[in-house]
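Student: I would like to learn how to read a few backbone and surface features. Can we go through them one by one?

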Amino acid sequence: MSRRNLLTTLAAVPAVALLAACSDSGEDAKAADVKPANPSTPAKPATPAAVQVPEAQGTVDMAELLKPGALPDKQLGKDDAKVTIVEYASMTCPHCAHFNEATFPQLKSKYIDTGKARYILREFPFDPSAEAGFMLARCAKDNYFAMVDVLFKQQPSWVGVSNTKEALLQISKLAGFTQESFEACLTDQKLLDDVRAVQKRGADEFKVDSTPTFFINGKTYKGAMSIEEMSAIIDPLL
């Protein structure tokens, strides 16, 4: 699909095309019933004693996982942190948006900002809208994470609406894009190819098939976890 064609597609992305945004497997068809995360809805509090350590769903070779891919990794935290968290996410996934809103701020303040963990976000789009969202984040350069955060928080305003292109344009203008830079970004074929290459590598080499998927010091965890669940995984590694 060319970027010109994708721009046209974004102007009228049917909501049904986004129903499986959090998975490309049939087992997550229930995602169709999931509404985009409400930014004002906090994570449900959990009593530490009641939190069980989430069970890992596989392992990967961290050396292989951290090898450079088609796009340079976007990272927060120190290179020498004891814990490395790699998240594969899709911009149109409501579970990813919920994690970004309910868990990530606490993860950042408790572990990333304190030097205990580093966090890497990798693109795993399931649809043209998600591809566009990640492309805009990449075009935002040093504001990559800020753009990702805005797009997740504003997800209900641009995912599944009648004109995704216009909705994304309005959000992008608030982030400093012009009409020209917006269209230049979304017609960058190499950037599109690279975003797709990141996804393909995640699927082929690390068996990512749903979002969010986390790799924490080589162990695989699928689904949006609470800060209590992530702490139960991370603390023993420190």
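Student: What share of the contacts in the chain between residues at least 6 apart in sequence join residues at least 24 apart?

Tutor: A contact means heavy atoms within 4.5 Å. In this chain, 80% of the contacts between residues at least 6 apart join residues at least 24 apart. This is a predicted model, where local features need pLDDT of at least 70, side-chain atom pairs count only at pLDDT 80 or more, and totals for chains, interfaces and linings use all residues. Residues are numbered from 1 along each chain as its sequence is written, and side-chain values use heavy atoms, with hydrogens and water left out.

Student: How many helices and strands are there in the chain?

Tutor: Helices (H or I, at least four residues) and strands (E, at least two) are DSSP runs, numbered from the N terminus. The chain has eleven helices and five strands.

Student: Which peptide bond is cis?

Tutor: Most residues other than glycine have a negative phi, and most peptide bonds are trans. Here the bond joining Thr 211 and Pro 212 is cis, with omega about -5°. Pro 212 sits in the loop between α10 (189-206) and β4 (213-216).

Student: Where is Lys 141, and is it buried or exposed?

Tutor: Buried means under 20% relative accessible area, exposed over 50%, and partly exposed in between (1.4 Å probe, protein chains only). Lys 141, in the loop between α5 (128-139) and α6 (144-153), is exposed at 58%. Its phi is positive, about 60°, although Lys 141 is not a glycine.

Student: What is the phi of Asn 217?

Tutor: Phi of Asn 217 is near 50°. Asn 217 lies in the loop between β4 and β5 (219-222) and is partly exposed, at 30% relative accessibility.
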